[in-house]
Amino acid sequence: VQWWDPAEYLPDASLPMLWVNGSNDFAYTMNAMRRSYRLPKGQRTLCIRLRMAHAHGGPGENPEEIRVFCDGLLKHGKPLAAIIATGIEGTNAWATYSSAVPLTKVDLNFTRDSGRWQDRKWETVPGHIMPDRVTASVPEGARVAYFNLFDDRDCVVSTEHELMGPQ
């Protein structure tokens with residue numbers, strides 16, 4: 001544990017971090033990723049693509065979000081959108097954000113399933129984009145939901161997933 005568990009190191013990290021993962025990753029499930037990304041003190045950006053394959057090489061190394069994130073930090077490029085706040089009130093989900101580039105689409109990803117994260121079936125409903133805020137209606141029976149905000153580069157920034165009901 002002292003050599004390999006991220007919980008041993010992440011609380012001391014303060015640099016900005018990008019977390020790229022898939023909703024059904026078999027090796028690094030969404031709940032495990034959440035425990036990790038909440039530990040560092042620095043800024044975090046999430047990119048959780050629906051059903052993104054787990055792999056070194058292409059799927060894990062080629063997402064455009066990685067280049068854009070680095071360019072935003074190191075080359076004064078236009079950064080990925082930043083999530084400011086999120087919430088679910090009744091059946092209404094919302095998030096506030098800031099973005100240097102226009103958003104083109106917002107999806108609310110949700111699952112009605114419980115049990116193993118790797119086996120959950122995820123669905124998507126379109127959300128609404130307003131200046132500095134996105135909204136969507138949470139479908140009946142949803143147990144988990146999160147937003148994916150797409151910018152005009154087709155880069156995704158995700159909110160943390162929200163748990164609703166029994167897991």
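The model is predicted, so local features need pLDDT of at least 70 and side-chain atom pairs count only at pLDDT 80 or more, while totals for chains, interfaces and linings use all residues. Residues are numbered from 1 along each chain as its sequence is written, and side-chain values use heavy atoms, leaving out hydrogens and water.

Helix α3 spans residues 64–74, and its buried residues (under 20% relative accessible area, with exposed over 50%, partly exposed in between, 1.4 Å probe, protein chains only) are Glu65, Val68, Phe69 and Asp71. They lie on the same side of α3 because they cover an arc of only 165° around the axis, taken from the directions from the helix axis to the C-beta atoms.

The structure holds 0 disulfides, a disulfide being a pair of cysteine sulfur atoms within 2.5 Å. The sulfur of cysteine 70 is 12 Å from the closest cysteine sulfur, in cysteine 155, and is therefore too far for a bond. Cysteine 70 is partly exposed, at a relative accessible area of 35%, whereas cysteine 155 is buried, at 1%.

Two charged ends sit over rings (NZ of Lys or CZ of Arg within 6 Å of the ring centre and within 35 degrees of the ring normal). Lysine 105 lies over phenylalanine 150, its charged end 4.4 Å from the ring centre, and arginine 120 lies over tryptophan 117, with 3.9 Å to the ring centre.

How values were computed:
Helix = DSSP H or I, 4+ residues; strand = E, 2+ residues; numbered from the N terminus.
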